[in-house]
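Q: Please take a close look at one part of this model, the aromatic cluster and the strands around it. Describe it in one connected account, with the cut-offs behind each term.

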Amino acid sequence: MTGRRNGAWFDCLPSCEAYLPCGQGRHIVRWEAGELRLLSHPDPEGELVLTALGGEKARCVEVAQAWGRHAEDLSVLAIGPRGPADEIAVSWDDVEAAQPSQTGGWYAYAPRAVGLYPGPSPNPGTGRAPAPIPPGRRPRGQRTMQDRERAAQRRIDLLSVLALGYGFQVRLIGQVAEAHADRPEEAMEKVRPPLVAAITARLAPLAEEWLGIDPDQVVVTLHRGPGWGSAELTGRGGQRRLRVSLPAGWLARVWAAGLALTGRHLVVGVARAGWPDARVLALRAPGTEPVLLDVHATAPGPAGAGLDVRPRAADAPHWEHEPAQSGG
């Protein structure tokens, strides 16, 4: 039971919504069942066709495209929040300020490649065309300009998804982590370091709350294979270490759902996913056998509240637990 997949990674996460400025008004963007949905744009594909014909692209559509471009971007794990206390406050004003200026900045003076590449133009004074540029080679000025454009677009992308708020930030982290969780061993060698760093950064403060251990004394490795992994406490004083081995999917299925530390237990896996009720596998202490806990989530915010507008860290779900009934 502890080694098999149990539903989708997002089954313990409720939907969340945010307003964002779009056109002349404010539109709703919703995350639900692992997807970003544009409630005010029923035909985003059709809008992209109109944009290609010279129309203005809606910000909602831009945000959805940015989300898609970074759905497997491991750098998201490094810039995203470490937990509810690590709220990243980015406003839509910040996104607007990052937009390229049409009257100043490097966009205004960077040399354009029109007429320079790929079609050759005559050399002054000779009338002869220059030698063709080999495939895959670009003039240095053009390469620099395109690199800057990509860097600027990346900055706008990341600011846009961060501006959606904490709820969206953790869901994007979950999506990225899950995308890399089951890579073949050869591919895992490349993604292992950022995954280990991401889990360590989020597990260490939880371990401090769980055991009172210094976050710098937490050592994480990736668990591959059946079962949930392991956790043991070794050494004393300055040599004390909490050594934890967890699957890469822990970041998506446990941490992103706000389940990681529930009722003074460290949750290491999900036995039965669901919202608002789930069953999890949890440790009372390092070196002990995990126990099953039935958990119930209470929705953030006042009862009966409508939209979760720009969900904040304080809006993270709160899980309550009781020991699971035997035979369930």
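**The aromatic cluster and the strands**

A: Phe 10 and Trp 31 are both buried, where buried means under 20% relative accessible area, exposed means over 50% and partly exposed lies in between, with a 1.4 Å probe and protein chains only. The model is predicted, so local features need pLDDT of at least 70 and side-chain atom pairs count only at pLDDT 80 or more, while totals for chains, interfaces and linings use all residues. Residues are numbered from 1 along each chain as its sequence is written, and side-chain values use heavy atoms, with hydrogens and water left out.

There are four aromatic pairs in the structure. Rings of Phe, Tyr and Trp (its six-membered ring) pair if their centres lie within 6.5 Å; planes under 30 degrees apart count as stacked, over 60 as edge-to-face, and the rest as tilted. One of the pairs is Trp 9 with Phe 10, edge-to-face at 5.5 Å centre to centre and 80° between the planes. Trp 9 counts as buried because its relative accessibility is 10%, and Phe 10 counts as buried because its value is 19%. Phe 10 also pairs edge-to-face with Trp 31, at 6.2 Å centre to centre and 85° between the planes. This second pair links distant parts of the chain, 21 residues apart: Phe 10 belongs to the segment before strand 1 and Trp 31 to strand 2. Trp 9, Phe 10 and Trp 31 make up one aromatic cluster.

Trp 31 has a further contact: the charged end of Arg 171 sits over its ring, 5.0 Å from the centre. A charge sits over a ring if NZ of Lys or CZ of Arg is within 6 Å of the ring centre and within 35 degrees of the ring normal.

Now the strands. Helices (H or I, at least four residues) and strands (E, at least two) are DSSP runs, numbered from the N terminus, and two strands pair if DSSP finds at least two bridges between them. Strand 2 covers residues 25-32 and runs antiparallel to strand 1, residues 16-22, with seven bridges joining them. Among the bridge partners, Ala 18 faces Val 29 in strand 2. Two residues separate strands 1 and 2 in a hairpin, and Gly 23 in the turn has a positive phi of about 65°.

Strand 2 also pairs in the antiparallel sense with strand 3, residues 35-38, over four bridges. Here Glu 32 stands opposite Glu 35 in strand 3. The hairpin of strand 2 and strand 3 likewise has two residues between the strands, with Ala 33 at a positive phi near 50°.
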